[in-house]
Structures are given as C-alpha cells and as structure tokens.
Amino acid sequence: MATMKEIAQICGVSRGTVDRVINRRGKVRPETERMILQAVERMGYTKSMLGRALSVKRSQPVIGVVMCSEGNPFFDDVYAGLARAEEELLPYGVTVERRAMRGYDVDRQLALIDELAPSLSALVLQPVNDPRVEARVQQLKARGVPTVTSAWFWADLPASSRCCYVGSDYESGGATAAALLELMTQARGRVGVVAGAPTLMGHVARLRGFRKRLARCSELPVVAVENSLDDPARAYAVTRDMLRSHPEIDAMFVVTAGCEGVCRALISAGRAGEIRVVGYDDVPATREMMRLGIVRAVVCQQPFEQGYRSLRAAFDMVLSGEMMDDRRIIMENQIKLPENLSPVPGNGPFQD
C-alpha cells in the first residue's frame, strides 16, 4: 500500500493535504481532493480503508518495537527510519513503544515481548533464533497481532508465523563480501573470519553465503572463524588470538558489528593495511577505519529504510485489518568504498 508521502509526491501536494483528504478534516479544493482520492485508490488505498483510517485513529493503536540494538551503532539509522515513519503515523493516533536489549539473550527478549503484548496492535521484532520466540510470534498471530521481523533470514524458518520480513538477503550479502575479497586478493591468500552470534540467523546466513562463494576459490581458503557476539572487546580478543594462531592470514571478513575491535587488533599486531579487510555497514567506526586504509570496503544494508519500512508494514496491517502472508521486503546490498562514503550517515531514500 502506498504511503502518504508517495501519494503527495505523485499529486504534487504536501503530506498534510493528503492527510486532510484521507481523514476528512480541513478544507481542500474540490479538484485537489478528487486528484488525491483517485491517486490513493490507484496506489493501493480503497474507500473502505479510508473509513478504516478514521476507526484506527479512534482506537489509538500501539505498535511495539523490540530490537537487539544496545551497543550496536548500526541501529542508529534503523531508529532514524522508525522515527520518520512514526512521525508520519501521528495523524492516525499511533503510539510506538520501543524496547532495546543488549546481545541475544532469549529470556530477556521474551520478557520484553511479554511486557508489551497486552496492549499491542502489531509488533516489529528483531528476533533471537529460538523456538520460544517463534512460539510467542505464533501466539500473537493467534490473537490477531501481526509481527514484522527484521534481521531474521526467512529461508531458514519455514514454520515462522511472522507476517512480513523487512531486511537483507543475508546469504546474498555474504556472497557479495566474498566477491569483494576475491577481487582484492586476486583470489589468493588465507582468510580469517570474525563472525557475529550463532543464535542470530542473519549472521549465520551471511557467513554461509560467504563460505559458499569462496568455495569457488581453492587458493583462498577460510582458515579460522571466531564469534564476536557483536562485542568490540571480544572482537579485539578473538582477532588477536587468531593472528597468533594463524600468522598466515592476509585477508579478513568481519561478519557484523565489531569491526573496530578487529581493526584495533590489527593495529596492535602491526598488520593494519597489510591484511585486507571487508566488513559491514556504514557506521562511524567503519568509516574511520576506511579513511585510515584498514578496511577496504563494506557491504551496507540500508538501515534507515529497514526501520522505516518495518513500521510502515506493521501499520499497513493495522489499517487494513488483514495480515500479510509472509511478505518479503528485501533491501538491496550496497557497496561502500572510501571514495563513495557518505559525509553523514543515514541518508536514506525516505529522508528529505
């Protein structure tokens, strides 16, 4: 379904004008009103939805957001996208309740979901890969509460009761990183991998895609893999130990957060710049390491758009009163090099 911003752009009017027409408040010129109504019907709204928008506003829906975001700068842009969508949903009386957690503790995530559950109209969730979390998603769906998941690789969860997935194709992202490393090394060398969390399917799928792609290169084997659990201090320690155990390593893939810790270990070992590093996400730490010439490239997954589209997808189901059937909104992988770094993070396509 189209957003008010998209309708406004098509019609050449402000979002406020579109809102006044949809919600039947304020005066709008008859010809403008006709044009907007034609556009909203053509782009996905129906007249029944217009009436439902008024009903939704009166009910003051609550959309919960639960993210494993504490200590991970990637989520700064995710939250910026959520904030933009939240701003657009204010006219509908929507309340967004956010909960953040550090790491991937299942009991902590279950507690946060249960805290929000009694008042929820919909849930946006970055779930830990655990049957108990899956069961909670199923319970919410049985109550008529749809769940939009992020950073949960759909192909590995055929039993999932989520209604919509918004995020990357993680296996493709891992393959993209492998292709970059192959080009940088001319397909020769020894690779060390600092992975993320084995309980987060996005990290597992990314590493799987990386390994599959490198399997084509017999002279570019992966000689060591260690998990950082998205902790920069742990990333530093496992990288330091990896380099001691495998001094032959001359290329590294950082699967998720922790790139700064990896680079500090390379600096301490006197191998910064010598070992070619490919990582993920255009965040302050990776931008600085790219400017220093330590990280050669990063694969980005459009976090602003992920946050924006997740909340909009949740609201679309609240507005329509219908649950999506495992819809997949996949972000395109983007490659950032020192030459095309953004001066400021978060320049997503939905920002003015």
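Predicted model: local features only at pLDDT ≥ 70, side-chain atom pairs only at ≥ 80, totals over all residues.
## H5 against H13

Two packed helices are described by the angle between their axes and the distance between the axes. For helix H5 (residues 74-89) and helix H13 (residues 303-320), the axes come within 6 Å and cross at roughly 40°. That puts H5 oblique to H13, and the crossing is right-handed.

On the H5 side, the residues in contact include Phe 74, Val 78, Leu 82, Arg 84 and Leu 89. Their partners in H13 include Phe 304, Tyr 308, Leu 311, Arg 312 and Phe 315. Sort the residues of this contact by type and you get eleven nonpolar, three polar and five charged.

## H1 against H2

Helix H1 (residues 4-11) packs on helix H2 (residues 15-22) at an angle of about 110°, and their axes are 8 Å apart.

H1 brings Met 4, Lys 5, Ile 7 and Ala 8 to the contact, while H2 supplies Arg 15, Val 18, Asp 19 and Ile 22. The tally here is five nonpolar, three charged and no polar residues.

## Two positive phi values

Most residues other than glycine have a negative phi. Ala 187 isn't a glycine, yet its phi is positive, at about 60°. You'll find Ala 187 in the loop between helix H8 (170-185) and strand S6 (191-195), partly exposed with a relative accessible area of 22%.

Leu 229 also has a positive phi, near 55°. Its loop runs between strand S7 (222-227) and helix H10 (232-245). Leu 229 is partly exposed too, with a relative accessible area of 40%.

Terms used
Residues numbered from 1 in each chain as written. Heavy atoms only, no water. Axes fitted to C-alpha atoms, helices over the stretch in contact; angles between N-to-C directions. Helix = DSSP H or I, 4+ residues; strand = E, 2+ residues; numbered from the N terminus. Parallel < 35°, antiparallel > 145°, perpendicular 65-115°, else oblique. Left-handed = near helix turned anticlockwise from the far one by under 90°. Contact = heavy atoms within 4.5 Å. Nonpolar A, V, L, I, M, F, W, Y, C, P; charged D, E, K, R; others polar. Buried < 20%, exposed > 50% of the residue type's maximum accessible area, 1.4 Å probe, protein only.
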